[in-house]
Amino acid sequence: MAGRRQKKKVVKMKKRPRLFAGTLLLFFAAGLLFLFIQPLFKEHVSIYEVTETQIADNEIIRGIVLRDESVVKTKKKGYVNYYVGEGARIGANTVVYSIDETGQFEGDISSIETKDIPLSEDDTREIRSDIASFRNDFDLSLYGNVINFKYNIDNTLLKMTTVNLLEQLNKVMKKKKVTSSLELVKAKKPGIISFCSDGLEDLHIDTITAKHFENMNENWTQLRSTGPVEPGNAVYKIVNSEKWSVVLPLTGKQYKKISDKVVVPVIFKRDGLRAAADISTFIIDSAYYAKLDFDKYMIRYLDNRYLDIEIEFNNANGLKIPVSSILKKKFYVIPKQFITKGGENGSNGVMLLSYKKDGTKETTFKPADIYYETGKGKVYIDAALFEPGSLVVQGTKNGVKSMKLSKTAELDGVYNCNRGFCEFRHVEKLYSNGEYAIVSKGTQYGLSTYDHIILNPDMINEDDIIY
């Protein structure tokens, strides 16, 4: 029996379920994944660097020109010759034109040869301006523009030769024995001469309607004729004043921008001239309009009924910051005399007055930075530092003066983070377009170029440290 091998008893182990361990590992992995992904979707505090720039809110609008003008008509039939040029200033009794009923003088007047006349810089500039305007507005489908260009050049040259023409006319008249058929017609009143008409000379601010702005294209008729004229024909136009206006159609948004303005800067797109215009706004049949008034430059645009005007609705130069960075903060407004120095580092603050349980008075120094100072000696201190109705005191020659903190005001500002934590800085908005704002530069307690500010201040608090 000793040699017999004993049988070993094998005990089969019961397997434990691994469901709990697997679930635990699954939750652990999900937690790690969440911690890894969460920062990718979480909005972070963003920092913006302040820069200096200029924002202009300009719009170009085509308007209609109003002048104090009238068309002069001839009373006789005959051939007309002119002795003044486009844009010439004339006085009463100035010879404007002659009319030859029989044609007896037509050949002699037409053959008058003027002396050589040197062109001044202004003359050359005027001719070049006529040529440039023709080139800019040239359209193969509008042959009338070519005729207008010819007349403009003729008018310009006629203005330069007026004196010589009158001298030669007197010589012709002396040679002729019969002069009854030739009449020299003089102006009845002073003004500025023009030889273009578009039928809108009687247009007035009270007669403006929306239809006048439906087809704003120049439609001039040249009054200078090379053939005979009939009685009642228009021979020239006279403008009685250098004061003139441009009426502009506006959208509701444009109307709101300038309805409270009295003067606006404008740019004439035809030649780039900058000017300041007196402005008034009005509404006709639910349509919005603006009238720009000028007291000079009328002659410059004498041959224009419509002008493209660029209005500078807003023009600001300062520090550019995103609108999203601006927040409001509440302050107590107190006289600056109540601000004193105290504490371990000699910081700004106020002396608070309180009462002990036994009724005795007690004053304690409370640090309080100045965030804004008015021109009337008032300063703004953080309202969050004080209980409503707190008393502050000031020492005077006559004793102690106290006041209750009650007057509050809000300021626009941003969180400055130059020193690694959020500091409120007041900003004065000059202009805002919904995305960016221009604020004053160089203001006390304000911002400077290259300052760093918080782009999304709703995610952080004042004095929070920026990591």
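**Reading a buried loop residue and a charged patch**

Author: In this predicted model, Ser325 touches Gly413, Val414, Ile453, Ile454, Leu455 and Pro457, leaving aside residues up to four places away in sequence.

Reader: Where is the place of Ser325 in the secondary structure?

Author: Ser325 lies in the loop between strand E15 (306–322) and strand E16 (327–335).

Reader: Is Ser325 buried or exposed?

Author: Buried means under 20% relative accessible area. Ser325 has a relative accessible area of 0%, so Ser325 counts as buried.

Reader: How many residues apart along the chain are Ser325 and Ile453, and what separates their C-alpha atoms?

Author: They are 128 residues apart along the chain, with 7.5 Å between the C-alpha atoms. Ile453 is also one of the residues that Ser325 touches.

Reader: What share of the contacts in the protein chain with a separation of 6 or more comes from residues 24 or more positions apart?

Author: That share is 75%. As for the chain overall, its secondary structure comprises six helices and 28 strands, and 38% of its 467 residues count as buried.

Reader: Now the surface. Which residues gather in a patch of positive charge?

Author: The patch consists of Lys376, Lys378, Lys401 and Lys407. One of these, Lys378, belongs to strand E21 (residues 378–382).

Reader: Why does Lys378 count as partly exposed?

Author: Partly exposed is the range between the buried limit of under 20% and the exposed limit of over 50%. Lys378 counts as partly exposed because its relative accessibility is 33%.

Reader: What is the accessible surface of the protein chain?

Author: It comes to about 29100 Å², and 52% of that belongs to carbon and sulfur atoms.

Technical notes. Residues are numbered from 1 along each chain as its sequence is written. This is a predicted model: local features need pLDDT of at least 70, side-chain atom pairs count only at pLDDT 80 or more; totals for chains, interfaces and linings use all residues. Side-chain values use heavy atoms; hydrogens and water are left out. Helices (H or I, at least four residues) and strands (E, at least two) are DSSP runs, numbered from the N terminus. Buried means under 20% relative accessible area, exposed over 50%, partly exposed in between (1.4 Å probe, protein chains only). Contact means heavy atoms within 4.5 Å. Accessible areas come from the Shrake-Rupley method with a 1.4 Å probe; for residues, only the protein chains shown count as cover. Patches are made of residues with over 30% relative accessible area and no salt bridge: like charges are joined within 9 Å, nonpolar side chains (Val, Leu, Ile, Met, Phe, Trp, Tyr) within 5 Å. A salt bridge is a side-chain nitrogen of Lys or Arg within 4 Å of a carboxyl oxygen of Asp or Glu. Lys and Arg count as positive and Asp and Glu as negative; His and the chain ends are not counted. The place of a charge is taken as NZ of Lys, CZ of Arg, CG of Asp or CD of Glu.
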